[in-house]
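Reader: Could we go through this one together, starting with the charged side chains?

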Amino acid sequence: MIDVSQDAGLWTVTLNRPDKANALTEEMLRSLVQAIRDAHSARALILTGKGRIFSAGADLDAARAGLATSPLWEELSAAIARLPGLTIAALNGTLAGGAMGMALACDIRIAVSEAKFFYPVMKLGFLPQPSDPKRMAALIGPSRTKLILMGGQKITADEAQVFGLVDRIVPKDDLMSHAKELAADTLAASLGIAHGIKELCH
């Protein structure tokens, strides 16, 4: 359910459970954490999903069994943030709940126009993972972060781009080719220079 491919320094990690809106089970979440840790040598990494939804967050049954508050979510976003290579979230559709943390941890986020973004953690009676509000606020400011987390708003791709939550909206058929285009200069650059620029951007 987590597919990993490699091509000359470019890693692509794909959520592959489209019949269940790519909702994450504990097994999938553990596989994601391991895949990201294994990708430490990647020059660039693209994170995407199969089907029409990037991820609905935690699988409902797994969430009720405790996955909603698992430390694995924080481990995943931290592992992504620690990668020295360029990380690109290629959001093929709607992004919801705890799955937002992995996109927030990426360096660049591109999305299809059909995507929507929401994080109904308060309504469900849980706190978000600690790093998610901080990363979101760094991108879109504290008021808009509260609009999503406390106001319960579902925002469109256009709103997300205006807010700064996503960097670019691309046609669905061009999503992966555009993500690869964004990675091309990093893949061609000196490893030390590419890593150095990422460090300077922090």
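Author: Glu75 is partly exposed, at a relative accessible area of 30%, where partly exposed lies between buried, under 20%, and exposed, over 50% (1.4 Å probe, protein chains only). This is a predicted model, in which local features need pLDDT of at least 70 and side-chain atom pairs count only at pLDDT 80 or more, while totals for chains, interfaces and linings use all residues. Residues are numbered from 1 along each chain as its sequence is written, and side-chain values use heavy atoms, with hydrogens and water left out.

Reader: Which side chain does Glu75 meet in a salt bridge?

Author: Glu75 meets Arg37, at 3.4 Å from N to O; a salt bridge here is a side-chain nitrogen of Lys or Arg within 4 Å of a carboxyl oxygen of Asp or Glu. Glu75 lies in helix α3 (residues 72-82) and Arg37 in helix α1, so the pair ties together parts 38 residues apart in sequence, helices being DSSP runs of H or I with at least four residues, and strands runs of E with at least two, numbered from the N terminus.

Reader: How many salt bridges does the structure hold?

Author: The structure holds 5, among them Asp59 with Arg17, whose closest N and O atoms are 3.1 Å apart. Asp59 counts as buried at 15% relative accessibility, and Arg17 is buried at 13%.

Reader: Switching topic, what does Leu32 touch?

Author: Leaving aside neighbours within four places in sequence, Leu32 is in contact (heavy atoms within 4.5 Å) with residues including Ile2, Leu47 and Met102.
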